[in-house]
Amino acid sequence: MAQNTNHTWTANDIPDQSGRTAVITGANSGLGLATARALAGAGAHVVLAVRDPKRGQAAAETVKGSTEVRPLDLADLSSVHRFAADWEGPLDLLINNAGVMYIPEARTKDGFEMQFGTNHLGHFALTNLLLPHVTDRVVSLSSTGHKTPGSPRIHFDNLNLTGEYDPVTAYGQSKLANLLFTLELQRRLTAAGSGVRAMAAHPGWAATNLQSNDASALRGLLMRLGNRLIAQDSQAGALPTLYAAVQDLPGGSFVGPDGRGEMRGNPTLVGRSAAASDPAAARRLWTASEELVGISWNPQLQPRH
């Protein structure tokens, strides 16, 4: 259940971030760019981790504050490894923001279904590789799509949905995976004695270009109409991410808007589906993800802050 609050939380409530560094995936537009602007405006050094460095640089030029642009393609594990290998020094915030939604069937460079491969596996690999540098928290973006429509589940017997691809099913699986990843990451961090926190957030319905590549022309039209008539803007949509990134919340928290249907409103703690709260499924997904990306958890490499 969403928590009620009388205070309208905005980016102006972000504490001073001077001396802190944040990596934001997919920060060249939409929610990622809004998040970058807010954190940089509060004093953080923000790394825009983007697939297209030229677009990333153009975006960075609109951000007031300290920024840099680094190439990262979450649909290519070799790119994820290069990004992580080049990282030096502490990393206060890792914000797993990038994603794709309702796209036609496609595969990543490594052969994974594109929505699962980008939204979950790419971020799973990135987080595990960067975690020895992380000093504060990891925030992963999920969606209300993790629970509607059709009661999404993890298709453990066919994670790539081979022969049964449906764009909505694939998206729901990937967003459910984001929450199960957060659940299991927090469990492992706690067991390792780490003070790093794993958080999740969702923006509600925010008008971004995420809906622009829909596999269904009709659904795409309806989404564009919704963007005009219902959605909040990207600045408001980024508030749950920012809240999860800077507020003193318990590890494993899930933040979203407090309005009807969690589509818009003030950022607050929100609930998740039973499927997203299943520790056995979270552990099983973690094991499957390790096997798929070839990266194993080593608790001795995780920081204890």
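The following legends describe close-up views of a predicted model.

The model is predicted, so local features need pLDDT of at least 70 and side-chain atom pairs count only at pLDDT 80 or more, while totals for chains, interfaces and linings use all residues. Residues are numbered from 1 along each chain as its sequence is written, and side-chain values use heavy atoms, with hydrogens and water left out.

**View 1. The protein chain as a whole.** Of its 305 residues, 56% are buried, that is, under 20% relative accessible area with a 1.4 Å probe, protein chains only. The accessible surface, from the Shrake-Rupley method with a 1.4 Å probe, comes to about 12,900 Å², and carbon and sulfur atoms contribute 50% of this area.

**View 2. The open sheet of 8 strands.** The strands follow the order E3-E2-E1-E4-E5-E6-E7-E8, with mixed pairing; two strands pair if DSSP finds at least two bridges between them. Strand E3 (66-71) and E8 are the edge strands, each with a single partner strand, so one side of each has no neighbour in the sheet. From one strand to the next, the twist averages 25°.

**View 3. Pairing of E1 with E4, and helix H1.** Strand E1 (residues 21-25) runs parallel to strand E4 (residues 91-96), with 3 bridges. Here Ile 24 stands opposite Ile 95 in E4. Helix H1 (residues 30-41) packs on the sheet and touches E1, E2, E3, E4 and E5, where contact means heavy atoms within 4.5 Å. The direction of H1 makes about 170° with that of E1; such angles run from 0 to 180 degrees between N-to-C directions, and axes are lines fitted to C-alpha atoms, for helices over the stretch in contact.

**View 4. Pairings of E7 with E6 and E8.** Strand E6 (residues 197-201) and strand E7 (residues 254-257) form a parallel pair over 2 bridges, and Ala 201 has Val 255 of E7 as its bridge partner. E7 also pairs with strand E8 (residues 267-269), in the antiparallel sense over 3 bridges. Pro 257 lies opposite Pro 267 in E8.

**View 5. The packing of H4 against H9.** Helix H4 (residues 114-130) and helix H9 (residues 279-293) pack at about 85°, their axes 10 Å apart. The two helices are therefore roughly perpendicular, a term for angles of 65 to 115 degrees. Among the residues in contact are Phe 116 and Phe 124 of H4 and Trp 286 and Glu 290 of H9.

Notes:
Buried means under 20% relative accessible area, exposed over 50%, partly exposed in between (1.4 Å probe, protein chains only). Helices (H or I, at least four residues) and strands (E, at least two) are DSSP runs, numbered from the N terminus. Angles under 35 degrees count as roughly parallel, over 145 as roughly antiparallel, 65 to 115 as roughly perpendicular and the rest as oblique.
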